[in-house]
Every structure is written in structure tokens, then in C-alpha cells.
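Have a look at the model first, then read on.

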Amino acid sequence: MIVIEIDIGRNAENDHPVTAPAPPTVSDVPLVVERPAGPLAGTLLLPPGAGPFPTVLLLPGSGPVDRDSDARRMPLGITRALAEALAAAGVASFRYDKRGTGDSPGDWRVPGLVDAADDARAALHLLATHPAVDAGHLLLVGHSEGALLATVLAARPTTPVAGVVLLSPTARPGEEVLVWQAEQIAPTLPAPVRLVLRLLRTDLVRSVRRNHDRIRATTTDVARIGGARVNARWHREFMAYDPREDLRRIRVPVLAVGGGKDVQSDPADVAVVGRLVDGPVETIVVPDVSHLLRHQPGTASLRHYRSEVRRPLDPRVLDAVVTWVRTRTAAAPRP
């Protein structure tokens, strides 16, 4: 194991990203991943010039987010921004609408975590056979849930990859992640909400644990928990999945990047990734960056998200990813 720990310095909010915006000559190529549950519509973004190109499969976070990481009420734009930055550096990328989002049919609540991994595996195989893609320079970049999917694919490869980037990764069982989230979020709730919880004698962490028990007792893909329809199978599989064993199986180079203000993925898990992966690892925790990979001043809180999405991804994150991918694609052996 080779671990390189990197501490990126304080952000100046007006800093300009080193990576230039994607030039107007990039090409958006529609590409469909055929799956038994229905096709997954996606975009292969090709940089200028003649291929085949080094290519990245971009995997977004959980929930009903499309190929750009956009949900109906929360346009995150994470995978779109990564795709554009990579294209500006001469690297192609593919991103797709998950089931039940964008142009992919279905109900996003039905698939489990295993289904999501199978869909990502099919997308990776499709890329490896595409004429515009250099299969010897094929990498995975996943954010949040996408980092878990990238871990699964790299640990149990059916299609070889030259490297993996894990953004906002976790390195503990999913149930522990959800409890940790509740512990971080509870103190940051608005004062009136905290007052109501106290008056009702409601402990947020205890309520989360009770909901976990209810979800474990379900047997359907979708269930009603606390009056809301939830993706029960996904939660059962996520709570049971421990990524640590898969992280130990990874042999290709890994870049793990976390945000110091992340309240959804513990920044301390970045170092755990570095210790577990049996290969070249670089770990970065970027100060004052949230789970949305944006600069977040002040106290870490979900309340900043709506204003954060109006700002671009933190340039330190983009530059770290693009530089690392460019280095790996230059050094990766061709088949």
C-alpha cells in the first residue's frame, strides 16, 4: 500500500479554477445502456480531436438524480461539471440517467443498491467496447453513492479500469453512515425545529434507528415509513453493505477526496480508504468543502445547500480530480 496524504490549503472564494471551461467544440454523443428493466439514456462527452480518448464513467450520488446529478428541486450539477472539466483536459466521459430519472424509464424507488451496481457495470462494459473510447485508459469517478458503486466495480472487475476516484466516500457499513449523519445534522437544525423536538421529547438519532428497524422488517422494493414512500430495498442493501472488504480488494490507483464540512460522509473515512486500499492511494480532505463539493463557510450544515448549488464546484476539487485523471491516463498501460 502506498498512501500519499495531501492537505489542500484555505480556499479564497473568488479564486479562479485552473481548469478552463469546456471548449465549444466538444461533442455530446447520445448513448444508451440496454438493461432488462429498461434502457438507461446517457451522454458520452467527447473532447476535441481524434479518438479513441481516455474515458471516465461518472457515477452520481443517491436518490432521484439524473446524468448531471440534478434532482427536480436540487440541481447539483456535479457530474456535469466534472464532465466539462475533464473534456477541457482532453478526457472523455459518460454519464447516464439512473432508472426513473431524466430519459430513463421506471420508478427510482424500485432499484436496490445491487441493481445500481449492475447498471454501472453494464455502462462500463459498453464504454470498453465503444470505438471512441480507449479501453486501456478507462477510469471510474463516483460521488457519494457513486463512490460505493465505483468501489464495487473496482473490487470485483469484469471490465478492467486504470484507476478510481472516490468523492465524498464512506468506509463503514451504511447503517453506521446514516446514524452518523443524524448525529451531525441534529445540532444544526433551526432553533424552532430543535425546540419542537425537545417539546415532543423526540431524539433524532433514536428515531433514525427505529426507522432502520422498520425498514429491515420490510420485504418489498418500496415501503411506507413514517407516512412517506421510501426505496426500502435500496435502504436494506445500503445499511447492510460494508465497503471495507471491497476497498481491500482494489489494486488499481485510487484518489479519495472528501470535504472538511461534509455532514453526510465522514471526512475521517477518507483516511480509512487510504489505509485499506492495497495499491497506490492519494487522499485529500479539502477544508471548508461540503458534501456537494462546494465551498461552505461557517458551521457545517445542510441549510447551506440551496445557496451552494448556485455556485460552481470548488476549484480545488475539480483541479485535484482532473490532474489525477490526466496523470493516470498518461501512465496506464494499453492492452
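The lining of the second largest cavity splits into five nonpolar, two polar and no charged residues (nonpolar means Ala, Val, Leu, Ile, Met, Phe, Trp, Tyr, Cys and Pro; charged means Asp, Glu, Lys and Arg; the others, Gly among them, are polar). This is a predicted model, where local features need pLDDT of at least 70 and side-chain atom pairs count only at pLDDT 80 or more, while totals for chains, interfaces and linings use all residues. Residues are numbered from 1 along each chain as its sequence is written, and side-chain values use heavy atoms, leaving out hydrogens and water.

**Second largest cavity**
- A cavity here is a set of points on a 1 Å grid over the protein atoms alone where a 1.4 Å probe fits but cannot get out, and lining residues have an atom within 4 Å of a point.
- This one has a volume of about 30 Å³, counted as the space filled by probe spheres set on the points, which are joined across faces, edges and corners.
- Its lining is Ala147, Leu148, Thr151, Leu166, Pro169, Thr170 and Leu247.
- H3 gives the largest share of that lining, three residues (helices are DSSP runs of H or I, at least four residues, numbered from the N terminus).

**Largest cavity**
- The largest cavity comes to about 210 Å³.
- Its 15 lining residues include Lys98, Trp108, Pro111, Ala116 and Glu145, which lie nearest its centre.
- That lining has eight nonpolar, three polar and four charged residues.

**Helix H3**
- Eleven of the eleven residues of H3 (145-155) are buried, so the helix is largely enclosed by the rest of the structure (buried means under 20% relative accessible area, with a 1.4 Å probe and protein chains only).

Methods. Buried means under 20% relative accessible area, exposed over 50%, partly exposed in between (1.4 Å probe, protein chains only). Helices (H or I, at least four residues) and strands (E, at least two) are DSSP runs, numbered from the N terminus. On a 1 Å grid over the protein atoms alone, a cavity is a set of points where a 1.4 Å probe fits but cannot get out, and a pocket is an open set with protein on both sides within 12 Å along at least five of seven lines; lining residues have an atom within 4 Å of a point.
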